[in-house]
Amino acid sequence: MAFAVRAVTQEDAGAYRQAPQNVEAEQALLGAILVNNEAFYRVSDFLEPNNFFEPVHRRIYQVAGELIRANKVASPVTIKTFLPADLAIGDINLAQYLARLAAESTTIINAEDYGRAIYDLAIRRSLIGIGEDMVNVAYDAPVEQTPRDQIEDAERRLFELAEVGRYDGGFHAFESALLNAIDMASAAYKRDGHLSGLATGLDDLDRLMGGLQPSDLIVLAGRPGMGKTSLATNIAFNVAKAWRGEIQPDGSMKTVDGGIVGFFSLEMSSEQLATRIIAEQSGVPSSDIRRGRITEGQFSSIVAAAREMQKVPLYVDQTGGITIAQLAARARRLKRQRGLDLLVIDYIQLMQGSSKRGSDRRVQEVTEITNNLKSLGKELNVPIIALSQLSRQVENRDDKHPQLADLRESGSIEQDADVVLFVYREEYYLKNKEPKPGSPEHLAWQEEMTKVHGIAEVIIGKQRHGPTGTVRLLFEDMVTRFSNLAREDTLPAPYGS
């Protein structure tokens, strides 16, 4: 059988392109380090041995770094002891090559520029590797891997590549930190309510917390039935409803007030969440909405509420059993595509770590989740509200007010959280203790129920940058709505006083 032979074109030659690299820059930098070890500290914050293209250069840089960190001198004479004696580079031996590196070195002043050039080329090679892997997996994907899984994996690898070795870290002058603090105070002074963070719409809570602070991990915990999901939903909608943005000179949109909200609803579907918010905004009980037991006037209220909700920048992800890596990838994508000012997760115990683990390793898995949530908040510079269940030991106490020790897998959650909020409603427990009607105890029970009816407590159990304390809110059970409770100092004076 004859095979057709085609001439190699210029396009074919392009298929055999060499990987991006600059051996001369690597030689110049290594020579600078061997001549003046201070050059190593100019690049060690971001440059790793595997960033070098030549394997010999990787080994030289690694050994030089080990010697310098051990307070020893790294020079052509001392370093060759720790390298293979039979190592040859082309037609010269190791000792000759090290001497040539020192002779042709750059100055220490240029060391960082050379290091950045080497690092940037390494990033390009890594990008090529990720791209090749994406192509190969797409051509021959495993049965259990969906295209969406591959996209999320590629996003994760790209983000890790962007973060590892960033050379904008290290020490900064305290002056820049002071300027940032002053800018934050100025923004708080100009903003409605004079808050440095996002306003929750609950005045007394904002007063104690100063709003939701960027990069904070805020854990909102409570026993089932306390209304923690309702409170998180109320806060999320209040923030989104208050959103106002301004277009910047570069065409990007900057949030001026309120915020764009991402809501990971791991327990409820997006329809259930929407029904809750409609009930809250329209004042029509969600149970009546689901059963269709509504009047014409109530239906008009629902339609009006729905129209207003369509304009609100609130985005819901209802994927159940999501992993922390998937959640982070989707949050980054939302930030990049639409913007993001607040992230809400309902709830921690329904999330998974990066790998499948047995129930005996659940504490370690939750530790990984909370660590990653804290890192994600700092990375995106947004507050994260993460809901958490409380252990059943609360039910065994006479005083059922929650404490930090009641957090399930509490070690990591309590440690990583910047703020811990507990939701508590005395009415919930008292309602289940109703005595026999007509008895003397029943009258006392009714008086107690009257005192606590519709009252919820939000207990600030921990706050890194503010006081702890308790905030009393009004809770309307039928429409799952939290709102401000009238304070005595704001009530009108009694008639005739």
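Modeller: The side chains of Thr229 and Asp346 are joined by a polar contact of 3.2 Å, where a polar contact is a pair of N or O atoms within 3.5 Å, one of which, within protein, must be able to donate a hydrogen and the other to accept it, and residues adjacent in sequence count only if both atoms are side-chain atoms. This is a predicted model, in which local features need pLDDT of at least 70 and side-chain atom pairs count only at pLDDT 80 or more, while totals for chains, interfaces and linings use all residues. Residues are numbered from 1 along each chain as its sequence is written, and side-chain values use heavy atoms, with hydrogens and water left out.

Thr229 lies in helix α11, helices being DSSP runs of H or I with at least four residues, and strands runs of E with at least two, numbered from the N terminus. Because its relative accessibility is 11%, Thr229 counts as buried, a word that stands for under 20% relative accessible area, with exposed over 50% and partly exposed in between (1.4 Å probe, protein chains only). Leaving out residues up to four places away in sequence, Thr229 touches Glu267, Met268, Arg276, Asp346 and Leu387, contact meaning heavy atoms within 4.5 Å.

On a 1 Å grid over the protein atoms alone, a pocket is an open set of points where a 1.4 Å probe fits, with protein on both sides within 12 Å along at least five of seven lines, and lining residues have an atom within 4 Å of a point. The second largest pocket holds about 450 Å³ of space, a volume being the space filled by probe spheres set on the points, which are joined across faces, edges and corners.

Three helices, α11 (228-241), α12 (270-282) and α13 (286-291), each supply at least two residues of this lining, and the largest share, four residues, comes from α12. By class, the lining has six nonpolar, ten polar and seven charged residues, where Ala, Val, Leu, Ile, Met, Phe, Trp, Tyr, Cys and Pro count as nonpolar, Asp, Glu, Lys and Arg as charged, and the others, Gly among them, as polar.
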